[in-house]
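Me: I have not looked at this structure before, and I would like to learn how to read it step by step. Could you take me through it with the general idea in each case?

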Amino acid sequence: GLSAARMDFFMQGNYQVQKNKLELSAGAGAGVIRSIFQGRIFPQATVRGSYFFVDKPAIQFGPTVSLNFAGMRLNASNSNIHFWQQYYAGYCLTAGKRFKLVHILEVGPMFETYYIEPSATRNTVGTIGYSLQVGCRYAL
């Protein structure tokens, strides 16, 4: 799917497992703007849990929580490294049977930690982040 976050647009693939109304997923992806257009690899990993209190054959809706981790080197000499940790909550909506359209909206605290070498200085700054995701799934 494609997600718009505070720091980039991300293309991401996920694997989901659903048991009753609880769905757990894990995914990995990369920031589109920084990875493709700026030539810097910007990976992101996500772990998400959703509980669908509306769980019909053609529609699912419920709250979701996720942990997202991303990191990248900001300069060619690799002396400036940034990491982002995001702790989000929101909702997940899916529509369809085997082929599903997915919409997820989440907000929550986001922390940016950056290391500056050679002094090994570490700074962490917190703010409110968001993620708006649109994608599709195919259920096996």
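Me: How much of the chain is buried?

Reply: Burial is judged by how much of a residue stays accessible, with under 20% relative accessible area counting as buried. In this predicted model, buried residues make up 34% of the 140 residues in the chain.

Me: Is Gln 86 buried or exposed?

Reply: The cut-off for buried is under 20% relative accessible area, and Gln 86, which lies in strand E7 (residues 80-95), counts as buried because its relative accessibility is 2%. The side chain of Gln 86 also makes a polar contact, at 3.3 Å, with the side chain of Gln 44.

Me: Where does Met 110 lie, and how far is Met 110 from Gly 126 in sequence and in space?

Reply: Met 110 belongs to strand E8, which covers residues 99-116, and with 6% relative accessibility Met 110 is therefore counted as buried. Separation can be read in two ways: Met 110 and Gly 126 are 16 residues apart in sequence, while their C-alpha atoms are 5.7 Å apart in space.

Me: What share of the chain's contacts with a separation of 6 or more joins residues 24 or more positions apart?

Reply: For the chain as a whole, such pairs account for 51% of the contacts with a separation of 6 or more.

Note on methods:
Residues are numbered from 1 along each chain as its sequence is written. This is a predicted model: local features need pLDDT of at least 70, side-chain atom pairs count only at pLDDT 80 or more; totals for chains, interfaces and linings use all residues. Side-chain values use heavy atoms; hydrogens and water are left out. Helices (H or I, at least four residues) and strands (E, at least two) are DSSP runs, numbered from the N terminus. Buried means under 20% relative accessible area, exposed over 50%, partly exposed in between (1.4 Å probe, protein chains only). A polar contact is a pair of N or O atoms within 3.5 Å; within protein, one must be able to donate a hydrogen and the other to accept it, and residues adjacent in sequence count only if both atoms are side-chain atoms. Contact means heavy atoms within 4.5 Å.
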